[in-house]
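Subject: Structure for your review

Dear colleague,

Please find below the structure that I am handing over to you. I would be grateful if you would read the notes that follow with the structure open beside them.

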Amino acid sequence: MARAAGARCRAARCGRWRRGALLAFAAWTAGWVLAAALLLRAHPSVLSERCTDEKSRRILAALCQDYRGGWLTGALCEDLCVGGELLYQRCLYYERGKKVLQAQWRGRTVVLKSKREAFSSFPPLTLLEEEAGAGAPGIPEAELLLMVAGEVKNTLGLELPNNSIAPLWPARQGPGWRQQLASAWSLLQQEEYVYFSLLPDLSHHILPVLGSCGHFYAVEYLAAGSPHHKALFPLDDAGQAQAISHIALSFLDMVSHFDSDFSHRLHLCDVKPENFAIKRDFTVVAIDVDMAFFEPKMREILEQNCTGDEDCNFFDCFSKCDLRVHKCGAQRVNSNLQVICDKIFRHWFSSPHRSPAVSLQLRLQLQQAVQECVQHGGPSGNSWTASSSVFWKLRWLLQATLKELQEAEK
């Protein structure tokens, strides 16, 4: 009987061990699947195709063919397909189906973007397929706005009032209204387009959309940053120290905007020079926001299965693993400021020997503040006090640095 009891005990322990092992394996598998998906999203060059002028011209020719066939429309279509005012220049890159092209439009350089190559590859608006007759007069506007709001919520994780959605949607029916709706629906399925359409009025750190044709939209061309540049951004050697101080202050301004100017905090999960550009006045602009997420979407992304904290790192957005339930916390534990200090500021201010026009004491203080930001610039629990404290310290030190540089020029 004792042996039987021992066997039952061992069997129970074995069963618990098996269940635990299965749970751990399931979490590990889910973690790897998520990691693979995120790898492709953050490093799309893994599946990039060759960017060629020949293919890019064919893509735009097909776009114009669809325009002339009455399938799509847009404010830029006439200039691109008829008037010759929007001229293709070169292919910038292809990534996971996304096409990014440079063009000249009425004397200014622009970038044409689309998440997919062909207009027909976007799922159509169901209501347009169900309705018959030119102009689709039977589609209730309220029903359309409801569908738009649902698509925006799916894209951004936000519920927006109807007046906020207006820039995304043609307001009235009339000639060509079905083409307007079909084109707007293809654009609405592109996260970056939604960001660029809704946010520029709230922040000058976001590129505005200049116009569109079908599923392609245009934004201003700005020279992106690169790790190959000595200063990360294309700057002249003359006055470079002042320029860097201006740009660093603009990065801080962007952090402040993204933390507090919207209804939810906007998280940047892929911070690198290539995703930003600077204007002539040194304003920093986010030019690639494919890995930017508002708080509700961020929480949804972070809350994944895990076996350790390393499974909860969504590139530059970190969470912690609760080993009791093998689940990542929905709360991000680092901040935009912390990552910018690590990926951008440390490149500029890690050495106290730079900028001899600035006092050694101030250079050392700035170096120490950046290091403090990298190590402690994230939130503690639900408090962003540490991040706020180092933010103001950096701002004061950068302003003092700029003042010393300007006085040294006199």
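The expected span of a helix is 1.5 Å times one less than its number of residues. Please bear in mind that this is a predicted model.

Helix α2 covers residues 53–68, which makes 16 residues. From its first C-alpha to its last, α2 reaches 22 Å, close to the 22 Å expected at 1.5 Å a residue. Which residues of α2 are buried? They are Lys55, Ser56, Ile59, Leu60, Leu63, Cys64 and Tyr67. Just after α2 comes Gly70, which takes a positive phi of about 85°.

I turn next to the sheet. Strands of a sheet pair through backbone hydrogen bonds, either parallel or antiparallel. Here, five strands form an open sheet in the order β1-β2-β3-β5-β4, and their pairing is antiparallel. Strands β1 and β4 are the edge strands, as each pairs on one side only. From one strand to the next, the twist averages 25°.

Within this sheet, β3 and β5 are joined by four bridges in the antiparallel sense.

Yours sincerely

Conventions
Residues numbered from 1 in each chain as written. Predicted model: local features only at pLDDT ≥ 70, side-chain atom pairs only at ≥ 80, totals over all residues. Heavy atoms only, no water. Helix = DSSP H or I, 4+ residues; strand = E, 2+ residues; numbered from the N terminus. Buried < 20%, exposed > 50% of the residue type's maximum accessible area, 1.4 Å probe, protein only. Pairing = 2+ DSSP bridges. Axes fitted to C-alpha atoms, helices over the stretch in contact; angles between N-to-C directions.
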